[in-house]
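Here is a short report for a reader who is new to this structure. Look at the sequence and the 3D view, then read on.

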Amino acid sequence: MSHNNKKVFGVWMDTHNATIVGKENSDDENFTVLGHVKNAGPDKNSNENSANKQEITLTHKFFKEIASKMPNIDEIHITGTGQIQEQFIKFLAETAQYKNAHSSESTSNKMSDENFVLFVAKHFE
């Protein structure tokens, strides 16, 4: 399957950082880093309920900021550590703009931007 004219992206993420890789436009041949997003996490809060609500709010904001770097997704591969990728895939599926995007996931350790660009390019060969 040709990915030349599709809007394909790769995201490496953990609970605090995300790296977004894609093509600047559909005519580009090479993938490039489109941006980095940070999630500072909740403040120190003595009330567990407030801390949980704040964490949910910040995670949702983190997901929205990642998605904003990828308008119009045809296909996305999400990788990283932990289970946050599954939460992000669920977020995309529940968002009208992204619900028809084909998503896949894997687990990987943090890698340099250059290695992640190569990883995404290989995935979409």
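Two strands pair if DSSP finds at least two bridges between them. By that rule, strands E2 and E3 pair in the antiparallel sense, over 6 bridges. One of the residues involved is Ile-20, whose bridge partner in E3 is Gly-35. The model is a predicted one.

**The sheet**

Strands of a sheet pair through backbone hydrogen bonds, either parallel or antiparallel. Here, 5 strands form an open sheet with mixed pairing, in the order E3-E2-E1-E4-E5. E3 and E5 are the edge strands, and each pairs on one side only. On average, neighbouring strands are turned by 20° against each other, direction ignored.

**Helices on the sheet**

Helix H2 lies across E1, E4 and E5 and runs at about 155° to E4. Helix H3 also packs on the sheet, touching E1, E2, E3, E4 and E5. The direction of H3 makes about 50° with that of E2.

Which residues of each helix are buried? The table lists them for H2 and H3.

| Helix | Residues | Buried residues | Arc of buried residues |
|---|---|---|---|
| H2 | 84-93 | Ile-84, Gln-85, Phe-88, Ile-89, Phe-91, Leu-92 | 160° |
| H3 | 113-123 | Phe-116, Val-117, Val-120 | 105° |

The buried residues of H2 fall within an arc of 160° seen down the axis, so they line one face of the helix. An α-helix has 3.6 residues a turn, so residues three or four places apart point the same way. The face of H3 turned away from its buried side carries Glu-114, Leu-118 and Lys-122, which are exposed.

What do these buried residues meet? Those of H2 pack against strand E1 (8-13), helix H1 (48-68), strand E4 (75-80) and strand E5 (102-107). Those of H3 are covered by elements including E1, strand E2 (17-22), strand E3 (32-38) and E4.

**The cores**

The largest nonpolar core has 21 residues. Val-11, Met-13, Ile-66, Met-70, Ile-76, Ile-78 and Phe-88 have the most contacts inside it. E1, E2, H1, E4 and H2 each give two or more residues to this core. H2 supplies the largest share, 5 residues.

Take Ile-66. Leaving aside neighbours within four places in sequence, Ile-66 is in contact with Val-11, Met-13, Ala-18, Ile-20, Val-37 and Phe-88. A second, separate core has 9 residues, among them Trp-12, Met-111, Val-117 and Val-120.

Is Thr-79 buried or exposed? Thr-79 sits in strand E4. Its relative accessibility is 0%, so Thr-79 counts as buried. The side chain of Thr-79 makes a polar contact of 2.9 Å with the side chain of Ser-106. Beyond four places in sequence, the contacts of Thr-79 include Val-11, Trp-12, Met-13, Gln-85, Phe-116 and Phe-119.

Ser-103 belongs to strand E5. Ser-103 has a relative accessible area of 28% and is partly exposed. Not counting residues up to four places away in sequence, Ser-103 touches Ile-76 and Ile-89. Ser-103 and Glu-75 are 28 residues apart in sequence, yet their C-alpha atoms are 5.8 Å apart in space.

Note on methods. Residues numbered from 1 in each chain as written. Predicted model: local features only at pLDDT ≥ 70, side-chain atom pairs only at ≥ 80, totals over all residues. Heavy atoms only, no water. Buried < 20%, exposed > 50% of the residue type's maximum accessible area, 1.4 Å probe, protein only. Helix = DSSP H or I, 4+ residues; strand = E, 2+ residues; numbered from the N terminus. Arc of directions from axis to C-beta. Contact = heavy atoms within 4.5 Å. Core = buried A, V, L, I, M, F, W, Y, C linked by side-chain atoms within 4.5 Å. Polar contact = N/O pair within 3.5 Å; in protein donor to acceptor, adjacent residues only side chain to side chain. Axes fitted to C-alpha atoms, helices over the stretch in contact; angles between N-to-C directions.
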